[in-house]
Amino acid sequence: MSWEVVSCWIEGHPGLASWVQAVGSIAAIIFAVCVAGRESRLRRRSEDEAKSEALARAYTTVDDTVRRVGSAFTTADQMCLDRTSMMLINSDLNQAMEHLKEVISSPGVDAKIYGELFVVRTSVEDVVHALNTFAQATERESDLLDLARIAVNQVMASRETLRKMMKSTVQTPQ
């Protein structure tokens with residue numbers, strides 16, 4: 001079949017151009033919808049990965065913070081607070097707060113993760129304040145240690161919440 005035959009056939013059907021234009025328009029619309037859907041899925045997958053990575057960073061940081069505040073509380077509870085140990089505890093807990101600040105500002109941190117990190121950060125501040133007050137007190141008041149114990153328990157509760165969030169993220173198909 002030559003181009004002359006095709007040309008004659010096209011000239012013999014005057015409505016063909018509008019049909020070709022209609023089919024082309026429909027194909028362009030379908031293509032645009034497919035491209036937009038693909039972009040949306042890729043963006044959602046990227047956001048989910050960022051959230052998952054942020055959750056893992058948050059859990060790791062909070063787990064380290066639990067160790068740090070637990071050690072500080074144990075030292076205070078055993079009445080081993082002197083000037084040197086308080087300097088070390090303050091340094092250690094300040095480093096934990098810096099790590100928490102870094103994770104809070106990292107990409108992928110959503111409102112739930114942020115909320116747990118904020119609770120941990122304020123709890124660490126409470127532990128620092130309670131232990132410093134306890135160390136400076138002339139009489140060792142157990143009320144101050146109770147405040148520190150409450151803050152340590154809040155940190156551990158946040159770690160558990162983050163662990164559950166990680167577990168539910170792993171179980172949810174992407």
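Does Y59 count as buried, partly exposed or exposed, and at what relative accessibility? The first legend below answers this. The model is predicted: local features need pLDDT of at least 70, side-chain atom pairs count only at pLDDT 80 or more, and totals for chains, interfaces and linings use all residues. Residues are numbered from 1 along each chain as its sequence is written, and side-chain values use heavy atoms, with hydrogens and water left out.

**View 1. Y59 in helix α2.** At 21% relative accessibility, Y59 counts as partly exposed. Buried means under 20% relative accessible area, exposed means over 50%, and partly exposed lies in between (1.4 Å probe, protein chains only). Helices are DSSP runs of H or I with at least four residues, numbered from the N terminus. Y59 touches R159, L162, R163 and M166, not counting residues up to four places away in sequence. Contact here means heavy atoms within 4.5 Å. Y59 and E98 are 39 residues apart along the chain, and their C-alpha atoms are separated by 15 Å.

**View 2. The aromatic pair Y114 and F118.** A search of the whole structure finds 1 aromatic pair. The ring centres of Y114 and F118 are 6.3 Å apart and the planes are at 15°, so the pair is stacked. Rings of Phe, Tyr and Trp (its six-membered ring) pair if their centres lie within 6.5 Å; planes under 30 degrees apart count as stacked, over 60 as edge-to-face and the rest as tilted. Y114 and F118 are 4 residues apart in helix α4 (residues 111-136), so about one helical turn separates them. Y114 is partly exposed, with a relative accessible area of 40%. F118 is partly exposed too, at 44%.

**View 3. The largest nonpolar core.** This core has 34 residues. A nonpolar core is a set of buried Ala, Val, Leu, Ile, Met, Phe, Trp, Tyr and Cys residues joined through side-chain atoms within 4.5 Å. V62, L93, L117, V124 and L131 have the most contacts inside the core. Helices α2 (16-77), α3 (83-104), α4 and α5 each supply at least two of its residues. In soluble globular proteins, nonpolar side chains tend to be buried together. Take L117: leaving aside neighbours within four places in sequence, L117 is in contact with A58, V62, L100, V103 and I104.

**View 4. Helix α2 beside helix α4.** The axes of α2 and α4 come within 11 Å and cross at roughly 15°. That makes α2 roughly parallel to α4. Axes are lines fitted to C-alpha atoms, for helices over the stretch in contact, and angles run from 0 to 180 degrees between N-to-C directions. Angles under 35 degrees count as roughly parallel, over 145 as roughly antiparallel, 65 to 115 as roughly perpendicular and the rest as oblique. The crossing of α2 and α4 is left-handed. A crossing is left-handed if the near helix is turned anticlockwise from the far one by less than a right angle, and right-handed if clockwise. Residues of α2 in the contact include A58, V62 and V69. Those of α4 include L117, V124 and L131.

**View 5. Helix α3 against helix α4.** The axes of α3 and α4 come within 10 Å and cross at roughly 165°. That makes α3 roughly antiparallel to α4. Their crossing is left-handed. Among the α3 residues that meet α4 are L93, M97 and L100. R121 is found in helix α4. At 18% relative accessibility, R121 counts as buried. Not counting residues up to four places away in sequence, R121 touches M97, L100, K101 and I104.

**View 6. S158 and A151 in helix α5.** This helix covers residues 142-171. S158 counts as buried, at 2% relative accessibility. A151 is buried, with a relative accessible area of 2%. Leaving aside neighbours within four places in sequence, S158 is in contact with E116, V119 and V120. With neighbours left aside in this way, A151 is in contact with S123, D126 and V127. The C-alpha atoms of A151 and F73, 78 residues apart along the chain, are separated by 10.0 Å.

**View 7. Q136 in helix α4.** At 67% relative accessibility, Q136 counts as exposed. Q136 and M79 are 57 residues apart along the chain. Their C-alpha atoms are separated by 12 Å.
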